[in-house]
Amino acid sequence: MDPNRMSEEYAHCLRTFLRLQGTIDLQETTLVNQEARFMTESCRRMKQAFQGIMQKEVQRFIIEKDQSKSDKFIMGTSHLDLAKKNKPEKPPFAHLIIDGSKIPAGTHRVNLTSWHHDKGWANVFNMTFSDGKLVTNHDGFYYLYASVCFRHHETAGNLTGRILQLMLYVTKTDAKKRNSVVLMKGGSTKNWSGDSEYHFYSVNVGGFFKLKSGEIVGIQVSYPSLLDHSPEGTYFGAFKIRDID
């Protein structure tokens with residue numbers, strides 16, 4: 001068969017087929033009649049082959065599109081999971097301020113458990129406040145700090161001639177063994193004279209320490225009755241710096 005005639009017939013069939021495909025407003029019966037009128041048997045076979053190819057391409061496109069959506073979903077989910085996994089949690093911290101209504105009595109190394117943990121500047125996160133002390137919930141290296149202010153006015157009593165050892169201790173207690181160690185201390189020996197109506201002395205300590213979950217951090221002071229009751233004067237706290245390798 002003449003190749004040029006075949007080429008012209010192919011072009012004619014293709015134009016006819018595309019014209020019929022574009023006639024979307026006609027009823028199915030009308031399309032059948034048009035095909036019978038305009039299309040030869042070879043054109044019909046060509047149409048069937050073309051439709052088969054198009055159907056396979058459409059199916060392949062749908063499968064690839066669905067696979068692409070699935071991959072994006074899995075990838076997105078993986079990224080979200082990885083982001084959540086790698087997203088650092090807020091580190092534990094605590095800041096406690098003195099509760100002046102429950103100051104204990106004593107003169108030497110008295111446990112100071114009179115603290116606010118949820119009032120004013122006080123706050124506790126990922127740690128536990130229990131019996132006036134902080135309990136660690138996570139292993140790690142923590143920065144511990146404490147500040148106490150001792151103050152006295154002559155109207156509160158005469159301290160002339162008395163030697164006062166004003167001290168602050170930060171302690172750590174093993175919850176299981178119940179043994180305590182002193183992590184930090186600071187203070188001074190004072191002899192407040194009667195020439196001044198007002199006396200003041202501040203002690204500040206701070207340092208890094210390795211703490212394990214369940215260990216307890218507390219404060220001890222001497223002469224707690226002399227403590228300043230203001231939140232900016234007497235406070236203590238902790239915050240985690242890093243995990244234990």
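Trainee: Is Asp-131 buried or exposed?
Mentor: Asp-131 counts as exposed, because its relative accessibility is 70% and the cut-off for exposed is over 50%. Keep in mind that this is a predicted model.

Trainee: Where is Asp-131?
Mentor: You'll find Asp-131 in the loop between S5 and strand S6 (133-136). Have a look at its backbone too: phi is near 55°, a positive value in a residue other than glycine.

Trainee: OK, and what about phi of Asn-126?
Mentor: Asn-126 isn't a glycine either, and its phi is positive, about 60°. That residue is in the loop between strand S4 (123-125) and strand S5 (127-130). With 28% relative accessibility, Asn-126 counts as partly exposed.

Trainee: Switching to pockets. Which residues line the largest pocket?
Mentor: Asn-126 turns up again there, along with Glu-89, Lys-90, Pro-91, Pro-92, His-138, Lys-240, Arg-242 and Asp-243. By class, five of the lining residues are charged, two are polar and two are nonpolar.

Trainee: How much space lies in that largest pocket?
Mentor: About 160 Å³.

Trainee: What do the side chains of Lys-240 and Asp-243 do?
Mentor: They meet in a salt bridge, 2.4 Å from N to O. Lys-240 counts as buried because its relative accessibility is 15%, while Asp-243 is partly exposed at 48%.

Trainee: How many salt bridges does a search of the whole structure find?
Mentor: Three. Another one joins the side chains of Arg-151 and Asp-228 at 3.2 Å, N to O. That pair links distant parts of the chain, 77 residues apart: Arg-151 is in strand S7 (residues 140-153), and Asp-228 is in the loop between strand S11 (216-221) and S12.

Trainee: And is Asp-228 buried or exposed?
Mentor: Buried, with a relative accessible area of 8%.

Trainee: Which side chain meets Glu-215 in a salt bridge?
Mentor: That's Lys-172, at 3.7 Å from N to O. These two also link distant parts of the chain, 43 residues apart, with Glu-215 in the loop between strand S10 (198-211) and S11 and Lys-172 in strand S8 (residues 164-173). Both residues are buried.

Trainee: Last topic: which residues make the nonpolar surface patch?
Mentor: Phe-93, Phe-125, Phe-208, Phe-239 and Ile-241 make it, and the patch covers about 460 Å². Phe-239 is in strand S12 (residues 235-242), and at 32% relative accessibility it counts as partly exposed.

Definitions and conventions: Residues are numbered from 1 along each chain as its sequence is written. This is a predicted model: local features need pLDDT of at least 70, side-chain atom pairs count only at pLDDT 80 or more; totals for chains, interfaces and linings use all residues. Side-chain values use heavy atoms; hydrogens and water are left out. On a 1 Å grid over the protein atoms alone, a cavity is a set of points where a 1.4 Å probe fits but cannot get out, and a pocket is an open set with protein on both sides within 12 Å along at least five of seven lines; lining residues have an atom within 4 Å of a point. Grid points are joined across faces, edges and corners, and a volume is the space filled by probe spheres set on the points. Ala, Val, Leu, Ile, Met, Phe, Trp, Tyr, Cys and Pro count as nonpolar, Asp, Glu, Lys and Arg as charged, and the others, Gly among them, as polar. Patches are made of residues with over 30% relative accessible area and no salt bridge: like charges are joined within 9 Å, nonpolar side chains (Val, Leu, Ile, Met, Phe, Trp, Tyr) within 5 Å. Accessible areas come from the Shrake-Rupley method with a 1.4 Å probe; for residues, only the protein chains shown count as cover. A salt bridge is a side-chain nitrogen of Lys or Arg within 4 Å of a carboxyl oxygen of Asp or Glu. Helices (H or I, at least four residues) and strands (E, at least two) are DSSP runs, numbered from the N terminus. Buried means under 20% relative accessible area, exposed over 50%, partly exposed in between (1.4 Å probe, protein chains only).
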